[in-house]
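Subject: Structure for you, plus some notes

Hi,

Here is the structure I promised to pass on.

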Amino acid sequence: MNTETSKIHRGRAILTVFLKEVKENLRDRRTLMSAFLTGPLLGPLLFVMLINLTLSRELDKAEKPLSVPVIGAEFAPNLLDALKAGGVVPGAAVADPAQTVRKKDADVVLRIASDYGKAWRQGEPVQVELFYDSSLREAGSSVERVTRLVEGYARQQGAMRLVARGMSPSTAWPLQVAQRDQATPQSRGVLMFAMLPYFFVITIFMGGMYLAIDLTAGERERQSLEPLFANPVPRWKILCGKLAAICTFSTASLLITLLAFAVVGQFIPAEKIGMELDLGVHFATHVLLLMLPLVLLLSALQSMVAAFAKSYREAQTYISLLMLVPIIPSAVLSFMPIKAQAWMYAVPLLGQNLGIMQLLRGDGVTGEQLGLCLAGSLAAALLAVLATIQLYRSEKLAIST
């Protein structure tokens, strides 16, 4: 990158610095890869590929025959017939069912007691055992499928026993629960895309990270920051020009990401599992509006952190730690589901997270919520800019040793 610094005209200081930094960093391969390719394009592609892979595996397990080892199959032939009708293929018995599921040799193992037939003929309750490992997420659909078939068979046989005794099957169920699921196909998509807000924040972060490091710690290490400060221009104008360049790269990165999700999102077979996903123009426009103050906030924070470093590598270490901050709201909402309050939208990062989740659910964002989100994040961004301006006034900033 060119280390020579030309004289900056007083009246156009911010614009001159902005154009200089953008022009020079457009020639930097690492910055371009981070801002326009690695995160914005490959990120959404990999994200959607993982979603598609997960969905295809779940659909395959739900539709294809499921092999289940059965211990004591000879004691309950009718139950086995019911399982076969539901797509379950009884497999050979195993010696140790617990070890079988732990080793992932089978998702679920069914064991039928030897006294099953005797208890059944006497009209006594009988019990079958399902062995599975709940820590294995991929086994969940198989366990649910077998459980549903066994319970369905039990209800059917219970009703037949009542009929044989001249009683109505409803006698055994004096209370019936009518479920009224209020979830819409679009709101169910939130379960799958809960980490999408964090992904957008990281895209902004990565889009401007290398530029923020280079324009502060990088120039300081190359000793080109001191000649820049020697110009008869207030340092806050130089900072504003640099921040404008960082924000431009971050915004471009976000726009590419939104466009990529709008395209690849059409290839997600959400309708096959009763979900609806809309990542089109309406969604992208609102996400961009929610994220704009965050672009300035993250750019200022990155510049501030980089200003404490004396070398490019040291700044990378500091900013990598800063990258952990955006994950906090997503983690909090994942492990501690809370009902959104109005004031929460004014909290930077948290407000954006809540807003994007509402957009995914199809609820939309109200004018009040949007206003609080923009005002809170913008206020935090201005404070971060003012703090960075104070750092730029220090004479130590231009010294690399």
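This is a predicted model: local features need pLDDT of at least 70, side-chain atom pairs count only at pLDDT 80 or more; totals for chains, interfaces and linings use all residues.

C247 counts as buried because its relative accessible area is 14%, under the 20% cut-off. C373 is buried too, with a relative accessible area of 0%.

The protein has 14 helices and four strands. It runs to 401 residues, and 43% of them count as buried. If you take the contacts with a separation of 6 or more, residues 24 or more positions apart account for 76% of them.

Next, the packing. In soluble globular proteins, nonpolar side chains tend to be buried together. Here the largest nonpolar core has 63 residues, and the members that touch the most others are L196, F200, F283 and M291. Which helix gives the most to this core? That is α10, with 14 residues.

The axes of α10 (residues 281-307) and α13 (residues 350-361) come within 10 Å of each other and cross at roughly 180°, so α10 is roughly antiparallel to α13. On the α10 side, the contact is made by H282, F283, H286, V287, L290, M291 and L294. On the α13 side, the residues are Q352, G355, I356, L359 and L360. Sorted by class, this contact of α10 with α13 has eight nonpolar residues, four polar ones and no charged ones. F283 turns up in this contact as well as among the residues that touch the most other members of the largest core, and so does M291.

Then there is S250, in helix α9 (residues 235-264). Is S250 buried or exposed? With a relative accessible area of 1%, S250 is buried. Not counting residues up to four places away in sequence, S250 touches I204, G207, G208, V295 and S299. S250 and M206 are 44 residues apart in sequence, yet their C-alpha atoms are 7.5 Å apart in space.

Some loop residues to check on your side. Most residues other than glycine have a negative phi, and most peptide bonds are trans. Two residues here have a positive phi without being glycine:

- K104 has a phi near 65°. K104 lies in the loop between α4 (97-102) and β3 (108-112), and it counts as exposed because its relative accessible area is 54%, over the 50% cut-off.
- L349 has a phi near 75°. L349 sits in the loop between α12 (327-335) and α13, and it counts as buried because its relative accessibility is 12%.

One more loop residue is A95, found between β2 (88-91) and α4. A95 is exposed, with a relative accessible area of 85%. The C-alpha atoms of A95 and I71 are separated by 8.6 Å, and the two residues are 24 residues apart along the chain.

That's the lot from me.

Cheers

Methods
Residues are numbered from 1 along each chain as its sequence is written. Side-chain values use heavy atoms; hydrogens and water are left out. Axes are lines fitted to C-alpha atoms, for helices over the stretch in contact, and angles run from 0 to 180 degrees between N-to-C directions. Angles under 35 degrees count as roughly parallel, over 145 as roughly antiparallel, 65 to 115 as roughly perpendicular and the rest as oblique. Contact means heavy atoms within 4.5 Å. Ala, Val, Leu, Ile, Met, Phe, Trp, Tyr, Cys and Pro count as nonpolar, Asp, Glu, Lys and Arg as charged, and the others, Gly among them, as polar. A nonpolar core is a set of buried Ala, Val, Leu, Ile, Met, Phe, Trp, Tyr and Cys residues joined through side-chain atoms within 4.5 Å. Buried means under 20% relative accessible area, exposed over 50%, partly exposed in between (1.4 Å probe, protein chains only).
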